[in-house]
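Let's take a friendly walk through this protein, from its overall build to a few details of its loops.

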Amino acid sequence: MTAVAAILGALRGGEVRVVDLTNRLSETTPTLTLPEPFPNLIDFSLDQVSAYDEPGPFWKHHNIHTGEHVGTHIDAPVHWVSGRDGLDVSQIPPERLVGPAAVMDLTEQVTADPDFLLEVDHVRRWEVENGGLPEGGWLLLRTGWDRFADDEEAFLNTDATGSHTPGVSAECARWLAEETPLSGIGVETVGIDAGRGAELDPPFPAHYHLLGNDKYGITSLQRLGELPSTGAMIIVSPLPIVGGTGSPCRVFALVDRV
Ligand code: MN
């Protein structure tokens, strides 16, 4: 039997199941809001062109309007100044978009402190129990934040001092980018940096280090709680937008049924 036939057989037989890690796209999908004076991307919306009526008697179709960085989406290297000479989203090799998932459960820490920052020591401790971060893998940070994904106010968690959502420390971002064999990281929050990422050095260190080192980031993931710490495979499928700095994407995980 070929390897692909084995996977297809396991899917059909139920030994492997598909978990959809994607948030649904609509005009209410939560989107990052930059502080003044920076202009923001538009939200996702559908614009009806016909609906089995005079403009199209037998068909219904829409135009879609969206920013690149809306909903569950990937950041390509050219999104950040440190990756300005890197790949756009259409140029990311597909082999980098399919790989093993390393899932860290940070729910307890983030429930206690929404400004929680992942440190190198946390990852080192995970590696003692689970083995080293995998070549071409994706480190997925489970925080429980996906429970807010239908409520923009709770999801962005903004007060007078800014947004309070978890992320990665500057040193950990540098270490993940420069010293691990990952393809990228995935988070449940609106961006790959913490809500207070602007206050770190460099500002927005996950963007700065990962995108500057040909690694990628995925945001607004859901259902990471259905994945084991190791052993799942994820498939990330952004639109190949020529020159694009990112794209909404569908993210699936293949998981052994245990
Ligand atoms: Mn983005």
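## Ground rules

This is a predicted model, in which local features need pLDDT of at least 70 and side-chain atom pairs count only at pLDDT 80 or more, while totals for chains, interfaces and linings use all residues. Residues are numbered from 1 along each chain as its sequence is written, and side-chain values use heavy atoms, with hydrogens and water left out.

## Overall build

The protein has six helices and 14 strands; helices (H or I, at least four residues) and strands (E, at least two) are DSSP runs, numbered from the N terminus. The radius of gyration is 19 Å, close to the 18 Å that the globule rule gives for 258 residues, so the protein is as compact as a globular protein of that length. Here the radius is taken over C-alpha atoms, and the rule is 2.2 Å times the number of residues to the power 0.38. Along the principal axes, the C-alpha trace spans about 65 × 60 × 35 Å.

## Two pockets

Rolling a probe the size of a water molecule over the atoms shows where empty space is left. The search uses a 1 Å grid over the protein atoms alone: a cavity is a set of points where a 1.4 Å probe fits but cannot get out, a pocket is an open set with protein on both sides within 12 Å along at least five of seven lines, and lining residues have an atom within 4 Å of a point. Grid points are joined across faces, edges and corners, and a volume is the space filled by probe spheres set on the points.

The largest pocket holds about 900 Å³ of space. It is lined by 32 residues, of which L32, T33, L34, P35 and F204 are the closest to its centre. Strands β4 (73–75) and β9 (162–163) each supply at least two residues of this lining. By class, the lining has 13 nonpolar, 15 polar and four charged residues. In this scheme Ala, Val, Leu, Ile, Met, Phe, Trp, Tyr, Cys and Pro count as nonpolar, Asp, Glu, Lys and Arg as charged, and the others, Gly among them, as polar.

The second largest pocket has a volume of about 280 Å³. Among its 15 lining residues, M104, D105, W126, E129 and N130 are the closest to the centre.

## Helix α3 against helix α5

The axes of α3 (residues 120–130) and α5 (residues 170–179) come within 8 Å and cross at roughly 50°. That makes α3 oblique to α5. Axes are lines fitted to C-alpha atoms, for helices over the stretch in contact, and angles run from 0 to 180 degrees between N-to-C directions; those under 35 degrees count as roughly parallel, over 145 as roughly antiparallel, 65 to 115 as roughly perpendicular and the rest as oblique.

On the α3 side, V120, V123, R124 and E127 meet E171, C172 and W175 of α5, where contact means heavy atoms within 4.5 Å. The residues of this contact divide into four nonpolar, no polar and three charged.

## Loops worth a look

Most residues other than glycine have a negative phi, and most peptide bonds are trans. The bond from E36 to P37 is cis, with omega near 5°, and P37 is in the loop between β1 (16–20) and β2 (45–53). The bond from D201 to P202 is also cis, with omega near 0°; P202 is in the loop between β11 (184–187) and α6 (205–212). D214, a residue other than glycine, has a positive phi near 55° and lies in the loop between α6 and β12 (216–219).
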